[in-house]
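Please keep the sequence and the structure in view while reading.

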Amino acid sequence: MKSISELISVQHSFFKSQKTKDIDYRLSLLKALKKEILNKEQAILDALHKDFKKSQFEAYLSEIGIVLSELNLAIKNLKKWAKPKRIKASLLTFPSKDYIYKEPYGTVLIIAPWNYPFLLAMEPLIMAIAAGNTVVLKPSELTVNTSKIITSIIEHVFPEDVAISIEGGVETSTELLAQKWDFIFFTGSTTVGKIVAKAAAKHLTPTILELGGKSPCIIDDSVDIKLVATRLVWGKLLNGGQTCIAPDYVIVKSNIKQDLIKALKAEIINRYSDNPKNSADFPRIVNTKNTKRLAELIKDTTIVHGGEIDETTCYIAPTLIDEPNIESPIMQEEIFGPILPILVYDTASDIEKIIWHLDKPLSLYVFSNKSSFINETINKFSFGGGVVNDLLIHFGNHRLPFGGVGASGIGEYHGKHGFDAFSNTKPIVKRGNWIDPSFRYAPYNKKVGLLKTVFKYLG
Ligand code: NAD
């Protein structure tokens, strides 16, 4: 078996052979990948269920379905995406034909998290291959069954000089990060994101970091409370609350807090029964360590619904927490579980005090029927992306770039943005030789006036 540095060197050589620049070659790989995923669809669903009791519906909605649609999109559009794009020339380059070329970075490292273990490994892989890179992928060590399937799919579809999956935990990740890459794509926590950024800085490796954070959900008193509760329970409890863009906490206008809590309780029971442990649709926490972490977070808080914990089966009930102190542990770290703190506001400054107290979030949600309130919220706060009057669904439109800002991430992907993320943008000016205006050459005297006129018309 080859060592990590040998594997990278084999991929470097293959990349230099120029084979991955061939669009038909890339398309053949993407088509083979699609076929293999379709062949292994049931095995993927079974693995996700084994890993954290993810239901088939959620697994298809939030993992396999999106992966297949990104594959279809790339297969359909690759020729168009990869073609040099003619750009309007400038007076300063006249006479010329100007272009933007998209070139693959080379050998890229992708490190994936466990929470959408299939999607968040496959989507970057697809776009990295579409863009013409070779790939070393490290899936998460916490979802072993899904990671095994990912490895077997990659082994079946790709020669190892094009793509390989290396399973392992922190040690493997550390060893991989010590190598020199042409590009690193990391999805995971902000804490580990900083480790990745440090390793990348050593070689000035370009990086995309898709991180997490505490995403707020602001609700004013102009809303239909029942509709808000329906959408909020869905957005919070999908994947057992283990979603990077899940609403981490709510800030609701104080006069409707009690009505909202009542509606949320009714909706949780409506969707998952009064014993969600028995619901086939409610996933488990990924492991005991995370279950214990969540149990710690709800200690000494005011639980108004749920609160049941079974560490042996990694079960945490959908839980509502009433007005925790913003200095308490539950308001200091990303929750990443089915626990929803409900904070209140009366004035705009109450909202600012909460949101500006924390790092820039990955998402922000606002429920309101007042456009002034919606626009003020969108414009005032800095965050990766968001939704008005619903949750999570911005992830579903591949035309929208997806990513964070500041502590919630650097860079963006999805759909064509994903192809661009894995491509270096190379501007090229093809200068004409049929004329060579002497204007730029010395002696310059008396040409400044003309130069000023030229700049006036640039634009
Ligand atoms: P994590 O940061 O613990 O792990 C992510 C990956 O990094 C794993 O493959 C892991 O093996 C590796 N890793 C862990 N510790 C490491 C270390 N010390 N050095 C090098 N590599 C290390 O994240 P996770 O628990 O798998 O996922 C949950 C986090 O990911 C949450 O914060 C969530 O918000 C975030 N997330 C973000 C997005 C996004 O698109 N922005 C998507 C999913 C999850």
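## Elements around the ligand

In this predicted model, three secondary-structure elements each supply at least two residues of the shell around the ligand: helix H7 (170-177), strand E6 (183-187) and helix H8 (190-203). Helix H7 gives the most to this shell, with three residues.

At least three of its residues come from domain 1 (4-211 + 407-425), and at least three come from domain 2 (216-403).

## Composition of the shell

The ligand has 25 residues around it, and those that come nearest are Ala 112, Glu 141, Ser 189, Leu 211 and Glu 334. Sorted by class, the shell holds 15 nonpolar residues, six polar residues and four charged residues.

## Polar contacts and burial

Which residues place a polar side-chain atom at 2.6 Å or 3.0 Å from an oxygen atom of the ligand? At 2.6 Å the residue is Glu 141, and at 3.0 Å the residue is Lys 138. Ala 112 takes part through its backbone: an N or O atom there lies 2.7 Å from a ligand oxygen atom. The ligand exposes 840 Å² when taken alone, and 89% of that area is buried by the protein.

The site of the ligand is the largest pocket.

## Backbone features

Most peptide bonds are trans, and most residues other than glycine have a negative phi. The following places depart from that pattern.

A cis peptide bond joins Phe 94 to Pro 95, with omega about -5°. Pro 95 belongs to the loop that runs between strand E1 (85-87) and strand E2 (96-104). Another cis peptide bond links Ala 442 and Pro 443, where omega is about 0°. Pro 443 is in the loop between strand E18 (423-431) and helix H15 (448-456). Phe 336, a residue other than glycine, has a positive phi, near 60°; the loop that holds Phe 336 lies between strand E13 (319-322) and strand E14 (339-345).

Definitions and conventions:
Residues are numbered from 1 along each chain as its sequence is written. This is a predicted model: local features need pLDDT of at least 70, side-chain atom pairs count only at pLDDT 80 or more; totals for chains, interfaces and linings use all residues. Side-chain values use heavy atoms; hydrogens and water are left out. A residue is near a molecule or strand if one of its heavy atoms lies within 4 Å of it. A polar contact is a pair of N or O atoms within 3.5 Å; within protein, one must be able to donate a hydrogen and the other to accept it, and residues adjacent in sequence count only if both atoms are side-chain atoms. Accessible areas come from the Shrake-Rupley method with a 1.4 Å probe; for residues, only the protein chains shown count as cover. On a 1 Å grid over the protein atoms alone, a cavity is a set of points where a 1.4 Å probe fits but cannot get out, and a pocket is an open set with protein on both sides within 12 Å along at least five of seven lines; lining residues have an atom within 4 Å of a point. A molecule sits in a cavity or pocket if more than half of its atoms lie within 2 Å of its grid points. Helices (H or I, at least four residues) and strands (E, at least two) are DSSP runs, numbered from the N terminus. Ala, Val, Leu, Ile, Met, Phe, Trp, Tyr, Cys and Pro count as nonpolar, Asp, Glu, Lys and Arg as charged, and the others, Gly among them, as polar. Domain bounds come from an automatic or database domain assignment.
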